[in-house]
Amino acid sequence: MPAWKSLVGLLALTGGAVSCAHHGDTEVVPEHERAELLKKWDQEWSFSGIASFAHLNPVKCLIEPSENYDIAVIGAPFDTAVSYRPGARFGPRAIRAASARQMSGTSFNTRAGINPYKSWAKITDCGDIPITPFDNGLAERQMYEAFLELGSRKTVNVAPKGGDSIGTGHPKLVTLGGDHSVALPALRALYQIYQKPITVLHFDAHLDTWNPVRYSSYWQSEQTQFNHGSFFHKASREGLISNTTSAHAGLRTRLTGVDAGDYTNPGPEQGFIRIHADDIDELGPMGVVETIIARTGLDPEQPVYLSVDIDVLDPSTAPGTGTPEPGGWTTREFIRILRGLEKLNLVGADIVEVSPAYDNKGETTALAAAQVAFEIITSMVKSGVKEDLGGWYGHLYDGETAEAEAKAAEEVTRDEL
Ligand SMILES: *[C@@H]1O[C@H](CO)[C@@H](O)[C@H](O)[C@H]1NC(C)=O
């Protein structure tokens with residue numbers, strides 16, 4: 001709740017006992033009283049407050065046209081295009097709840113060397129797109145219009161690094177799904193904004209470039225093509241995906257029929273190179289990173305969309321998903337890979353297919369998704385910072401930092417005694 005609302009409530013309760021001036025209907029609290037109230041009551045615990053992502057200021061951006069931001073977190077609660085377990089419409093709520101321990105004051109990312117919530121970027125939780133569960137054609141349009149609108153807003157702050165990439169001046173969107181088909185309207189919007197095919201980095205156990213006839217060659221309609229296994233096929237046909245720079249990693253699905261025909265039906269690879277889940281054993285996480293970057297490049301003029309199906313993780317670390325496939329990566333391996341990719345020119349990202357009904361009581365899947373979102377947001381913010389921050393994985397921890405940390409640790413120990 002914004003501070004002014006709680007103040008109005010407080011004043012109403014005290015029946016005006018707190019002295020205040022009247023300006024029409026608005027009661028204005030003298031500054032010193034406001035300061036006192038904020039000091040006294042404006043604290044949130046990780047477990048308190050209304051569940052926005054990472055306790056970010058929640059704004060229904062779609063009905064506030066003047067609301068601008070550098071990064072928007074947006075929920076896409078949609079799951080009527082799935083082929084197996086439904087339930088991902090509850091994903092955004094679950095991920096927000098699981099992000100509760102990401103508070104701005106306590107979110108320094110040691111792996112990256114930055115606290116993304118206390119840096120240059122204005123990050124806003126823009127709420128959910130109100131997507132119809134009754135008509136997928138309409139849902140597609142609602143999502144497209146919403147992504148286009150939210151992605152076309154103005155940025156608020158200039159990144160310290162300055163404007164030297166195609167993304168400069170455009171806010172970045174982080175979508176919490178929703179089933180994976182939400183990536184199609186997102187890509188359509190990004191294509192519209194950037195006016196060129198987008199590099200897609202896709203983490204997923206499944207192809208998602210399936211020819212829609214895989215599901216039924218007889219019962220076909222325009223709308224059956226929009227589903228959570230064929231949306232990249234459609235996106236490729238529409239020319240939205242860059243065919244020369246896109247990559248798919250974490251793959252391990254079974255295929256139809258008696259050969260690997262799904263990989264090539266009907267076209268080549270719809271633009272993706274493929275890194276299988278098992279490849280991590282030979283390559284190691286950093287080898288996966290190098291293979292990806294060799295493909296995507298780091299061209300500042302080429303926008304990259306990062307699409308994370310939570311089923312890229314093994315079901316032991318992410319059971320709450322629609323189409324689980326044993327044999328995936330651990331959360332730690334995946335985070336390591338994401339950190340290695342922090343220099344990509346991300347303009348948007350999604351974390352999809354979290355289906356809380358299949359999650360466990362410890363919110364394992366939602367926690368993993370919230371952490372993935374945190375790492376992605378970290379990279380988006382870090383890419384705008386001027387100096388080389390390093391962090392554990394950046395190997396730039398210098399003697400001075402180490403010394404300061406040792407001193408701080410010493411002080412904490414003393415305080416505890
Ligand atoms: C990528 O290749 C597919 C054919 O496999 C084609 O339909 C599509 O238009 C190509 N995309 C671009 C951006 O050139």
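Mentor: We may; a residue is called buried when its relative accessible area is under 20%, and exposed when that area is over 50%. Please bear in mind throughout that the model is predicted.

Trainee: Is I377 buried or exposed?

Mentor: I377 is part of helix 9, which covers residues 364–382. The relative accessibility of I377 is 0%, and the cut-off for burial is under 20%, so I377 counts as buried.

Trainee: How far apart in space are I377 and E342?

Mentor: In sequence, 35 residues separate I377 from E342. From C-alpha to C-alpha, their separation in space is 9.8 Å.

Trainee: Which residues have the most contacts inside the largest nonpolar core?

Mentor: In soluble globular proteins, nonpolar side chains tend to be buried together. Here the largest nonpolar core comprises 56 residues. Helix 9 gives the most to this core, contributing eleven residues. Those with the most contacts inside the core are F53, F203 and W329.

Trainee: How many residues are in the second, separate core?

Mentor: This core includes A81, L190, A235 and F272.

Trainee: Which residues joins G177 through a cis peptide bond?

Mentor: The bond in question has an omega of about 10°. The residue concerned lies in the loop between strand 5 (172–177) and helix 5 (183–194). The partner of G177 in this cis peptide bond is G178.

Trainee: What is the phi of A54?

Mentor: A54 is located in the loop between helix 2 (31–41) and strand 3 (71–76). With a relative accessible area of 3%, A54 is buried. Its phi is positive, in a residue other than glycine, with a value near 50°.

Trainee: What is the relative accessible area of D208?

Mentor: D208 occupies the loop between strand 6 (199–203) and helix 6 (231–237). Although D208 is a residue other than glycine, its phi is positive, near 65°. D208 is buried, and its relative accessible area is 2%.

How values were computed:
Residues are numbered from 1 along each chain as its sequence is written. This is a predicted model: local features need pLDDT of at least 70, side-chain atom pairs count only at pLDDT 80 or more; totals for chains, interfaces and linings use all residues. Side-chain values use heavy atoms; hydrogens and water are left out. Helices (H or I, at least four residues) and strands (E, at least two) are DSSP runs, numbered from the N terminus. Buried means under 20% relative accessible area, exposed over 50%, partly exposed in between (1.4 Å probe, protein chains only). A nonpolar core is a set of buried Ala, Val, Leu, Ile, Met, Phe, Trp, Tyr and Cys residues joined through side-chain atoms within 4.5 Å.
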